[in-house]
Each structure stands twice: as structure tokens, then as C-alpha cells.
Amino acid sequence: MSPLTFKIILAAGCLLAGLLVGIILEKAVIGGVTRVARRTKWQGDEIVSASLRWMVLLWTVLVGFYAALLSVPLSPGIRGAVTKVILVVAIFSVTIVAMRMASGFVRLYAERATGILPTTSLFVNVTRLVVLIIGALIILELLGISITPVLTALGVGGLAVALALQDTLANFFAGIHIIISKQVRVGDYIRLDTGEEGYVTDLNWRYTVIKTLANNVVIVPNGKLASAIVTNYNLPEKELSVLVDVGVSYASDLEKVERVTVEVAREVMREVVGEIPGFEPFVRYRAFGDSSIDFTVILRAKEFGEQYLLKHAFIKRLHRRFAQEGIEIPFPIRTVYLRQE
């Protein structure tokens, strides 16, 4: 066997060894860590194991490739160029792992620290971008490219980019303002002055996603949301009053009407939304109508979406209870006088 053939076989063996070791580590170590992480309460280990998925295999293959490179006779120029390519791939893979971990921990911290850092894709994407930029600068330094001219060029070109992307940047900074002000948060039910309403499901670098009760999605640019008149039904708290208008006959005993209505309202609230400490439903008479005495029943729901089921159950039970108690809900009446010439 010639020395060249032996070196080629050795190089192939290094590549194969790197591949086999990577597969074993990926299946045994990373797979085992993932299974253990799923049984623990801390979610950080799941983020770490998910971030390392397939990267260990890539790293062992790179090590095997580098070992094979050393065993093959190559000119110094080619060897140096290939070595730089291996280092660039390795640094880029480490950057990807760091980006996954950083964004995962930012999302985890945002979910636990409610009210401090909102869980939005805007912060996650900014975190990924920062880590990616750091990795790119390290790769440029490794390749011998001076960072200073690059930063200077970015500074000069940044002005042109800013002018070309005025709307995009306006939406980006509007999104930052919305998040910091905490007047609109993910999970809130909002209504815009233009009529759109629904639950905020995401707030990213360009637009806010609102999911309506009809299960549709409304995309609102952050700039328009920041300048709109917004009603937030989750602030200052999720609980909200639910008003139901009712009318009864002029012949009705109003004391009895009030007592029966409150009993029905209390029963419906207890069964539909549960007990709300410190609140009792009540009635307020408000007008002598054309054909009825009108009043409003004030109930309370724990969040915006519950009010529809609450009204539904209340109206059905109140109608049945009024029929049992002999309380009349009159039809609209209009008296017409005819004058004969």
C-alpha cells in the first residue's frame, strides 16, 4: 500500500469516525438529556437540549474533517483556506446555538416575569439579531477583515437605509413604545376606534396581530396602533361589568321585579362565571318607556369573552322566571287616534 493510499484511507476513517461519534452522542447523550429534561420542572434544560439538537453531530463531523485534513498532503495555502472554512462553520454553529438559547431564555423569563417583560416576538427577534451580529463580527475578525471600516460603512449606509425604510422603522419604534408603555399587552382584548377588536396574540417588529372572536386575524401596523384610540378591556383589570336592558309592564310590582331579577342574576353568575368576591348583581331603574318601565341589570364577568354566555343564560332564565312569577314583559304599544272630519 502506497503512503498516499494509506493517508486517503486514514482521512476517510477520520471522517467516518467523526460521523459515528456524532450519531452516538446525538442519540445517547442529547436524546437522554432531552428525556430527562422533560421530567423536570425547570424549563431551562429543555431549552439547552433543544438548542444543541444536531449541533453535536455537526461539531464531531468538523473535528473528523479537520483530522482528515491533517492527514492529507496539501499545500499550505489550501490547508489554511480549508481550516478557515471549518472555523467559520464552527463559529457560525456556535452562534446558532447561542441564538437559540438566548431567545429561549428571553421567552421563558418573559412568561414567568409577567408585567416586567412582555412575551412578544419583537424581543425574541431582537435578541436573535444581536447574537447573530456578534457572531458575524467574530467571523469577520477571523477572516482578517477589519471591523472598523465595516462599522463606518454601516453608519454611512444606515442613513440611506433609514430614509428608504421610514415606515418600517416607524413601526419598529412604535412597537417598542407600545411594549414599554404596557398599555397593550399580549393576551389583552382591545377595540380600536376604527372598529377592529379582538385578543392581541403577538406584537412583532412591524405589526400587531389581533385575533377576533370570529376566529379571524387582523393585522395592524404598530404605527397605526400607537396613534389610534384604543379601548383595552383588560385594564386596569380583566373583570368588567355586563349591562342587560330589560322592560316590564307598568302594572308590575317593582319591588318584586327587582328581587326576582337579582335572584336570577346571582344564580346565573354563580353557575356561569363563578363567585366574584365583593360583587353582587343589582338593578337600576332608569326610564318610563313608551310601553314599559325600563331598567338595567348589572352583572360582572371575569373577562371580556364571558359576557356573551352570561347574557345568553341570564336572558333565558329571566324570561322563564318572569313567566312563572306572572311578571309581564310588554310588547311595544302605540295608540293611534283617528279624527273624523
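1. Glutamine 307 sits in helix α10 of this predicted model. Its relative accessibility is 9%, so glutamine 307 counts as buried, the cut-off being under 20%. Leaving aside residues up to four places away in sequence, glutamine 307 touches Leu240, Val242 and Ala301.

2. The 20 residues of α10 should span 28 Å at 1.5 Å a residue, and the end C-alpha atoms are 28 Å apart, which agrees. Buried in α10 are Gln307, Leu310, Ala313, Phe314, Leu318, Arg321 and Phe322. Viewed down the helix axis, the buried residues of α10 fall within an arc of 155°, so they line one face. Their cover includes β6, α9 and β8. Leu309, His319 and Ala323, on the other side of α10, are exposed. Glycine 326 follows α10 and has a positive phi, near 75°.

3. Helix α9 covers residues 254-272; its 19 residues should span 27 Å, and the 26 Å between its end C-alpha atoms agrees with this. At the start of α9, the backbone nitrogen of glutamate 255 has a side-chain oxygen of aspartate 253 within 3.2 Å. Just after the helix, glycine 274 adopts a positive phi of about 90°.

4. The buried residues of α9 are Val257, Val260, Thr261, Val262, Val264, Ala265, Val268 and Met269. They pack against β6 (240-248), β7 (282-288), β8 (293-301) and α10 (306-325).

5. Glutamate 267 and arginine 317 form a salt bridge through their side chains, at 3.0 Å from N to O. Glutamate 267 belongs to α9 and arginine 317 to α10, so this pair ties together parts 50 residues apart in sequence. Both count as partly exposed, with relative accessibility of 31% for glutamate 267 and 22% for arginine 317. Elsewhere, salt bridges with shared partners join Lys256, Arg259, Glu263, Arg321 and Glu325 into one network.

6. Arginine 259 is partly exposed at 43% relative accessibility, and glutamate 263 is partly exposed at 28%.

7. The structure has eleven salt bridges. One of them joins the side chains of arginine 286 and aspartate 245, with an N to O distance of 3.7 Å. This pair links distant parts of the chain, 41 residues apart, with arginine 286 in strand β7 and aspartate 245 in strand β6. Arginine 286 is partly exposed at 48% relative accessibility, whereas aspartate 245 is exposed at 54%.

How values were computed
Residues are numbered from 1 along each chain as its sequence is written. This is a predicted model: local features need pLDDT of at least 70, side-chain atom pairs count only at pLDDT 80 or more; totals for chains, interfaces and linings use all residues. Side-chain values use heavy atoms; hydrogens and water are left out. Helices (H or I, at least four residues) and strands (E, at least two) are DSSP runs, numbered from the N terminus. The expected span of a helix is 1.5 Å times one less than its number of residues. Buried means under 20% relative accessible area, exposed over 50%, partly exposed in between (1.4 Å probe, protein chains only). Contact means heavy atoms within 4.5 Å. A polar contact is a pair of N or O atoms within 3.5 Å; within protein, one must be able to donate a hydrogen and the other to accept it, and residues adjacent in sequence count only if both atoms are side-chain atoms. The arc is that of the directions from the helix axis to the C-beta atoms. A salt bridge is a side-chain nitrogen of Lys or Arg within 4 Å of a carboxyl oxygen of Asp or Glu.
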